[in-house]
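Try each one before reading its solution.

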Amino acid sequence: MDCMKSKIWNPQAECMDREELKALQLERLKDTVQRCYNHVPLYRTKFQEIGLKPEHIKTLKDIVHIPFTTAQDLKDYYPFGMFAAAKKDVVRIHGSSGTTGKPKIVGYTRKDLDLWSELVARVISAAGVTEEDVVQIAFGYGLFTGGFGLHYGMEKVGAMVVPLSSGNTERQLMLMEDFETTTLVATPSYALYLAEEMEKRGLDKEKIKLRVALFGGEGHTDAMRRKIEEQLGILVTENYGLSEVIGPGYSGECYLKEGMHIAEDHFFSEIIDTDTLKSLPVGDTGELVITSLTKEAFPILRYRTRDITVLNDAPCDCGRTSMRMAKIQGRTDDMLVIRGVNVYPSQIEEVILSTKQIEPFYEIIVTNHGYMDQIEVKVELKDVTILDDYPQLERVRQKIRYDLKATLNIDAKVTFVSSGALPRYEGKGKRVFDHREKK
Ligand SMILES: [Zn+2]
């Protein structure tokens, strides 16, 4: 397929011949390893401990000899201990969005910022957003990479950016109508809330010009995506990135929605087995490990993302030749172990969204009174009158319980509340409450 016919921001990079790409990756990997060794004491120490020298990296396969970098390393070297550029050359700081403890801090040189905008522009273009679009950014602006990342990427593409930040739903909806906003950047939780508010207020669908949304800040299931796409009548594309690596821009879906294209000219990606830590072949499921290839201020070698996915190097019909990653199947950090069974909240979300009598809002509560793990799923009933219809209520309850048992092999308590009773979120939603006492 001719690259130029589809919306590809940088055809030269995104449609590169794979052999040519590998040669470029190797050259850049060597430079990055040398940079880390020369300027970051942590990396030099790790290399010296195992007798590894930058010149030992002769092929891309040699990357497996490089020790992993973990979130703990970022915490240990807080705030600037892992920077590979002089402080005077660092022009921006970002950090992880965690609410407790010290954030994981990363830095950018001016060149890093230019690269970041370029990569976000690729993701945005892949979603079909162009200079014709009006973009409402409902991400918080701050240390979180989502707000600024999307902002500058959108400007680079030439879209009209409305930097509203998160919250103030009244105003979001008013300006969405007045500015004829076509593109929404938000967390899926907030998009869901906005959709509900639009419905409640009976906003004229004709006046709302929204056609596409880019999500971030938290994961969402395919069922949630379909729900939001249907409710708002828009296309939702998924993208993935994390501040430790660069922020958004690492990968994003094209309009075909068959995996997120990775910016392979700037990042080398691997999948590892979480138990053996061995590199797995393309096509196997495991933990995503990322190495930056061109970053100056915060290069990172073999970063363990804790995210489980699978890579696909088959060419895509959109024309891009870059490898694609599947939706994150579960963050190892989010995984709950209930009576010895591994449970991802996303699996529960799939079940809830497949039940038509309930709203897409829910809470998962885990306790262990009486030494036994108990899981409760709290859901909102669309039609409150069902509460008075016991047989029907029981049918809905049994369906959810049965589906949870079939997918997760766990017995869950299902509690109903009325529509609107659970909290709505303007940023990242909080849906899992683990109240278990550690024994
Ligand atoms: Zn594609």
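**Exercise 1.** Find the volume of the second largest pocket and describe its lining.

*Solution.* Start with the volume: in this predicted model, the second largest pocket holds about 480 Å³ of space. (A pocket is an open set of points on a 1 Å grid over the protein atoms alone, with protein on both sides within 12 Å along at least five of seven lines; lining residues have an atom within 4 Å of a point.) Next, look to the centre: L60, K61, F268, S269 and V282 are the closest of 20 lining residues. Then place the lining: α2 (18–39), β11 (267–272) and β12 (279–280) each give two or more residues. Finally, sort by class: 11 are nonpolar, six charged and three polar.

Residues are numbered from 1 along each chain as written. Local features need pLDDT of at least 70 and side-chain atom pairs 80 or more, while totals for chains, interfaces and linings use all residues; side-chain values use heavy atoms, without hydrogens or water.

**Exercise 2.** Work out which elements line the largest cavity.

*Solution.* Nearest its centre, among 20 lining residues, are E14, R122, I262, A263 and S322. Two or more residues come from each of α1 (11–14), α5 (110–126), β9 (247–253) and β10 (260–262). By class, the lining has nine nonpolar, six polar and five charged residues.

**Exercise 3.** Name the strand that gives the most to the lining of the second largest cavity.

*Solution.* This cavity has a volume of about 70 Å³. Its lining includes S189, F361, Y362, E363 and R431. Strand β19 (residues 358–367) contributes the most, with three residues.

How values were computed. 1 Å grid on protein atoms, 1.4 Å probe; cavity = no way out; pocket = protein on both sides within 12 Å on 5 of 7 lines; lining within 4 Å. Points joined across faces, edges and corners; volume = space filled by probe spheres on them. Helix = DSSP H or I, 4+ residues; strand = E, 2+ residues; numbered from the N terminus. Nonpolar A, V, L, I, M, F, W, Y, C, P; charged D, E, K, R; others polar.
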